Amino acid sequence: MRPYTILSVAMSVDGYIDDATDERLILSNDADWDRVDELRAGSDAILVGANTIRADNPRLKVRSERRRAEREARGLPANPLRVTVTGSGDIDPAANFFADDHHVVYQGASLSTVVSELFGRGVRRLMVEGGSAVHTAFLTQGLADELLLAVAPIFVGDRKAPRFVNDGTFPVGRMVLGDVSRVGDVTVLQYFPDADRYWLRQCVEESRKCPPSDTAYPVGAVIIDVDGTEIARGYSRETDPISHAEEVALTKAAGDPRLSTATIYSSLEPCSTRKSRPRSCTQWIIDVGLPKVVFGLREPSRFVVGEGAERLAAAGVEVVERADLADEVRQVSPLYSA
């Protein structure tokens, strides 16, 4: 398990986070700084690389007195935990990062180890503020859940200046665009780098809507077109006491020509055996001709032995199991662990 991780960056229109001079380039405005301050106040920890500490000497604290007081009223420290990663350990002990004991330094540790240990410390929401090498590492290692890009109406035009990310092998495919907002003259773009993770989490949220049952799991499903457009969604027992999530979503999308190139996401492996309907969800998916299925958790053997993934694959359907999200599916209902 690891924290929900947000990468936050301000950059120029041409992708630079600074210029090549010794003076810091101001990209944000007052309203955008306040937006970032709100993000900090809502985080359990803020992480930056050692190079950012050396170059900018950031305080990494919540500026607003009101927000600090609200954190303390919730029983939290006034400021999030400050975190840095370093290879050499060469950081000035007089840096603002070390202003108090509410910080942690990881030297020589892998990024996956860092986020796992932070989760063990109780960090559930991690904000990453740079720099380029750190942002690149989070993205290329698949450890970023959300990306907030504040794009300033400025061109830098100097290849010697630092960019948002360095060269690397980034997630394949298009990211999911969330919100687009205007903050003064800055445009803030919200992206979700891992589309499968994003849509499976939508399925998990759908599954929370399921009427309670002692004999059936809560499941959510979403159907997405090849261009990332949502076609339909559903959850178990949405339309009647025995309806399944995939069945509900497919019924809503019946006759849609986009199904031939679509992906169905389901929090749980589609059922392969079913007593309550003539067709299992696995067979329904095969009959409709959906080319791809992504799910988060294998069906436990509590009620039936699930073979949905195997039967789908045998029928030529691309099947992706995201076991890294299985725990999030299980948390919806005690039935999954009973």
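The side chains of R201 and D145 form a salt bridge, with an N to O distance of 2.7 Å. A salt bridge is taken here as a side-chain nitrogen of Lys or Arg within 4 Å of a carboxyl oxygen of Asp or Glu. The model is predicted: local features need pLDDT of at least 70, side-chain atom pairs count only at pLDDT 80 or more, and totals for chains, interfaces and linings use all residues. Residues are numbered from 1 along each chain as its sequence is written, and side-chain values use heavy atoms, without hydrogens and water.

The protein chain splits into domain 1 (4-193) and domain 2 (197-336). These bounds come from an automatic or database domain assignment. The C-alpha centres of the two domains are 35 Å apart. Six residues of domain 1 and four residues of domain 2 make the contact, defined as heavy atoms within 4.5 Å.

About 440 Å² is buried between domain 1 and domain 2, and carbon and sulfur atoms give 52% of this area. Buried area is the accessible area (1.4 Å probe) that two parts lose on being put together, summed over both. On the domain 1 side, D145, V176 and F192 lose the most area to domain 2. Together they account for 66% of what that side buries.

Two salt bridges cross the interface of domain 1 and domain 2. Four residue pairs, both residues at pLDDT 80 or more, are in polar contact between the domains. A polar contact is a pair of N or O atoms within 3.5 Å; within protein, one must be able to donate a hydrogen and the other to accept it, and residues adjacent in sequence count only if both atoms are side-chain atoms.

The whole structure contains zero disulfides, a disulfide being a pair of cysteine sulfur atoms within 2.5 Å. The cysteine sulfur nearest to that of C203 belongs to C210, 11 Å away. That is too far for a bond.
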